[in-house]
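Take a look at the sequence and the structure below. Keep both in view while reading.

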Amino acid sequence: MRVYLDNAASTKMDKRVIDAMIPFFLEKYAVPSSQFTHTYGLEVKDAVDEARASFVERIGGKHPEEIIFTSGGTEANNLAVKGVAYANMDKGKHLITTQVEHNSVLNSFRRLEEEGFEVSYLPVNENGIVDMDVLTRCIKKETALISVQYGNHETGTVQDIREIAKLSKEKGILFHTDAAIAWPYLPIDAYNWGIDLITLSPHKFYGPKGIGILFVKKGTKIKKVLDGGFNEFNLRPGTENTPAIIGAKKAAEIFSKEDVDRILLLKKRLIRGIETTIKHVEYNGSKEHSLPHIANLTFKYIEGEAISLRLDFEGIAVITGSACYSKNLQASYILLAMGKNHEQAHGSIRFSLSKYNTEEEIDYTIQKTGEVVSDLRKLSPLGREDEE
Amino acid sequence: MYPEIVREHFTHPKNVGKIKNPTVTGSYSMPNLAKAIFYFLIEGGVVKDIKYQIAGCPFAIAVCSILSEYAKGKNVKELKNIKLETLEQFFEIPEEKEECINLSLKAFLDGVKNA
């Protein structure tokens, strides 16, 4: 059996998304900015405008021009963080984010630090959640931007972005949320919640790769970070990836709440199955405030890359936060920020589900995880006191 | 990414476990938990039996198994000269895995140095 449980990395595209995209490769291949010179361009422009209107409606925006299409979530995050920082230097050069953001957010802030900005990286508690009091204390009159992710890509922990947006609004600070892994699994309501910028990533919800979305509330001061033409309301130059834009729209349209409910049941089945059949397992993150499709567990006394490779031999795809597995040989900065020690990060495994997973696959995963963990623990010199 | 010999020894590690009354033992730990312990039974300067326990990644596990097979029947003096490069006769060493491989090698050498 083959079981793909790395859906937080990327999902299988829905066939209906591919079908919607194909005409934009074969027939409607003109660029939308050619609208004033030929009908080919106008047709595509109309379709792209429809996609913009569709996304605006789904995330609680008001104006189609608030949707900026980029090459992916990474570029959207770069544009949000750097674009807002550069455009609001008259207000101040202090910025706030968290220690558990995606690298595209964290490294954008680090770049700004090199350029003379001051950045506060908020700590999180043992469940990965930002403390509102700490955030409030970090705010200065020079703070120009607060950027806090909606959900965490590694642990699934969800932040209270409504409260953070409210606080940002009260203090007159722009608020960006990276919702790349969270939306549309969780709802978002830009205007009603008071969010100025939102990052979305369609390949996380059965859409195509190579397309990201940045919602920029009308009137938000932001500067483009890539130089080129005047595309995307002069915020993001480059030829629009029209097939992917259309695919993203289709993916959002067909995304179903029923699928999310079913995924959540599968996730609960997986966690319960593992926790009841395998000893010495720790859940990483908040069970209560959690994305429906991500679970992160530490299997004590053994190493994560060994677990994931053995699971791969059994046809199961997962990832680990172990240092051995990472390219920089550092354990997961997210788990460490949550106060987990290196030992806990060492044996951590992320299971991330999709609508394509079945109960049979989950039961197979529980069984094989049990066998693999048991095998590896037989090799381990650690934690054997209670077994001997 | 994983050479065939590494996959094989990782999947079916040989000589796993402890020796009840070992002649010498050697161990090495890393701050991240990873730990290896080797148990040697030595008679007349020759390794008669060798076992190990390991909490580590696939390369660390495989290297324990490969070293245990390599050491059996060999003179301890010869084993003291083993270096990281010695393992290149078995597989090409990826730079990013040197630390993991060294975990097992250092535990092994910690044992043979006292033999």
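## Where the chains touch

The model is predicted. Chain A and chain B meet in a contact that takes 21 residues from chain A and 20 residues from chain B. On the side of chain A, three helices each supply at least two residues: α12 (304–313), α14 (342–346) and α15 (359–379).

What kinds of residues make up the side of chain A that touches chain B? Twelve are nonpolar, four are polar and five are charged.

## Two domains in chain A

Chain A is assigned two domains. Domain 1 spans 15–254, and domain 2 spans 256–380. Their centres, taken over C-alpha atoms, are 29 Å apart.

The two domains of chain A also touch. Domain 1 gives 20 residues to this contact, and domain 2 gives 20 residues. On the side of domain 1, ten residues are nonpolar, eight are polar and two are charged.

## A helix pair in chain B

Now turn to chain B. Helix α2 (residues 58–71) packs against helix α4 (residues 98–112) at an angle of about 35 degrees. The axes of these helices lie 7 Å apart. The crossing of α2(B) and α4(B) is right-handed.

Which residues of α2(B) and α4(B) meet? From α2(B) come B:F59, B:A60, B:V63, B:C64 and B:L67. From α4(B) come B:C100, B:I101, B:L103, B:S104, B:L105 and B:F108. By class, this contact has ten nonpolar residues, one polar residue and no charged residues.

Key:
Residues numbered from 1 in each chain as written. Chains lettered and ligands numbered in written order. Predicted model: local features only at pLDDT ≥ 70, side-chain atom pairs only at ≥ 80, totals over all residues. Contact = placed C-beta atoms within 7 Å. Helix = DSSP H or I, 4+ residues; strand = E, 2+ residues; numbered from the N terminus. Nonpolar A, V, L, I, M, F, W, Y, C, P; charged D, E, K, R; others polar. Domains from an automatic or database assignment. Axes fitted to C-alpha atoms, helices over the stretch in contact; angles between N-to-C directions. Left-handed = near helix turned anticlockwise from the far one by under 90°.
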